[in-house]
Amino acid sequence: MNEFLVEITTTVPEGTTPEEVDRRRAAEAVRARELAAAGHLARLWRPVGELRSIGIWRAADEDELHAKVLGTLPLRPWMTITVTALEPHPNDPAKG
């Protein structure tokens with residue numbers, strides 16, 4: 001699988017009930033665990049003081065990432081997403 005840096009900002013539409021927000025956030029947590037177990041979600045961070053996330057996601061290609069991975073997130077309709085395809089760097093310390 002290829003790796004992608006994904007930046008996500010979620011904006012709850014005005015007029016959405018707190019119950020709907022809670023329902024979607026709970027479903028989002030479940031789906032994130034499923035995607036992690038399937039190897040699609042490798043790491044996820046939240047910048048300090050911000051309501052957005054930055055993560056390392058995996059998929060065969062960017063089309064699969066959007067359609068079969070990010071597109072399955074319950075909060076997706078409320079998300080603005082930026083995707084950057086990644087490739088190994090020759091000086092990556094993880095290469096050992």
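**Entry 1: a bridge in the hairpin**

I started at Leu44 and found that its bridge partner in β3 is Gly55. This is a predicted model, so I note the limits: local features need pLDDT of at least 70, side-chain atom pairs count only at pLDDT 80 or more, and totals for chains, interfaces and linings use all residues. Residues are numbered from 1 along each chain as its sequence is written, and side-chain values use heavy atoms, with hydrogens and water left out.

For element names I rely on DSSP runs numbered from the N terminus, with helices being H or I of at least four residues and strands being E of at least two. Two strands pair if DSSP finds at least two bridges between them. β2 and β3 (residues 52-59) pair in the antiparallel sense over 4 bridges. I also saw Leu41 standing opposite Trp57 in β3. The two strands, β2 and β3, form a hairpin with 6 residues between them. I looked at the turn too, where Gly49 has a positive phi of about 75 degrees.

**Entry 2: the sheet as a whole**

Next I asked myself in what order the strands of the open sheet stand. I read 4 strands in the order β2-β3-β1-β4, with antiparallel pairing. β2 and β4 (79-85) are at the edges with a single partner strand each, so one side of each has no neighbour in the sheet. Neighbouring strands are turned by 20 degrees against each other on average, direction ignored. For angles I note that axes are lines fitted to C-alpha atoms, for helices over the stretch in contact, and that angles run from 0 to 180 degrees between N-to-C directions.

Helix α2 (residues 62-69) packs on this sheet and touches β1, β3 and β4. Its direction makes about 115 degrees with that of β3. Contact here means heavy atoms within 4.5 Å.

I then followed β1 to its partners. β1 and β3 pair in the antiparallel sense over 8 bridges, and Glu7 stands opposite Ile54 in β3. Towards β4, 7 bridges join the antiparallel pair, with Ile8 opposite Ile81.

Is Ser53 buried or exposed? My cut-offs are under 20% relative accessible area for buried, over 50% for exposed and partly exposed in between, with a 1.4 Å probe and protein chains only. Ser53 has a relative accessible area of 13%, so I put it down as buried. Ser53 sits in strand β3, and leaving out residues up to four places away in sequence, I found it touching Val6, Glu7, Ile8, Leu44, Trp45 and Pro47.

His40 is in the loop between α1 (18-37) and β2 (41-45). I have it as buried too, because its relative accessibility is 14%. Beyond its neighbours within four places in sequence, the contacts of His40 include Met1, Leu35, Trp57, Glu64 and Val69.

Thr9 belongs to strand β1 and counts as partly exposed at 33% relative accessibility. Not counting residues up to four places away in sequence, Thr9 touches Leu51, Arg52, Trp78, Met79 and Thr80. I also checked the distance from Thr9 to Val21: they are 12 residues apart in sequence and 15 Å apart in space, C-alpha to C-alpha.

**Entry 3: the largest pocket**

How much space lies in the largest pocket? I noted about 480 Å³. A pocket is an open set of points on a 1 Å grid over the protein atoms alone, where a 1.4 Å probe fits, with protein on both sides within 12 Å along at least five of seven lines; lining residues have an atom within 4 Å of a point. The volume is the space filled by probe spheres set on the points.

I found 18 lining residues, with Thr10, Glu28, Arg46, Ser53 and Leu75 lying nearest the centre. β1 (2-10), α1, β2 and β3 each give two or more residues to this lining, and α1 gives the most, with 4. By type, the lining has 11 nonpolar, 3 polar and 4 charged residues. Here Ala, Val, Leu, Ile, Met, Phe, Trp, Tyr, Cys and Pro count as nonpolar, Asp, Glu, Lys and Arg as charged, and the others, Gly among them, as polar.

**Entry 4: stepping back**

Buried residues make up 26% of its 96 residues.
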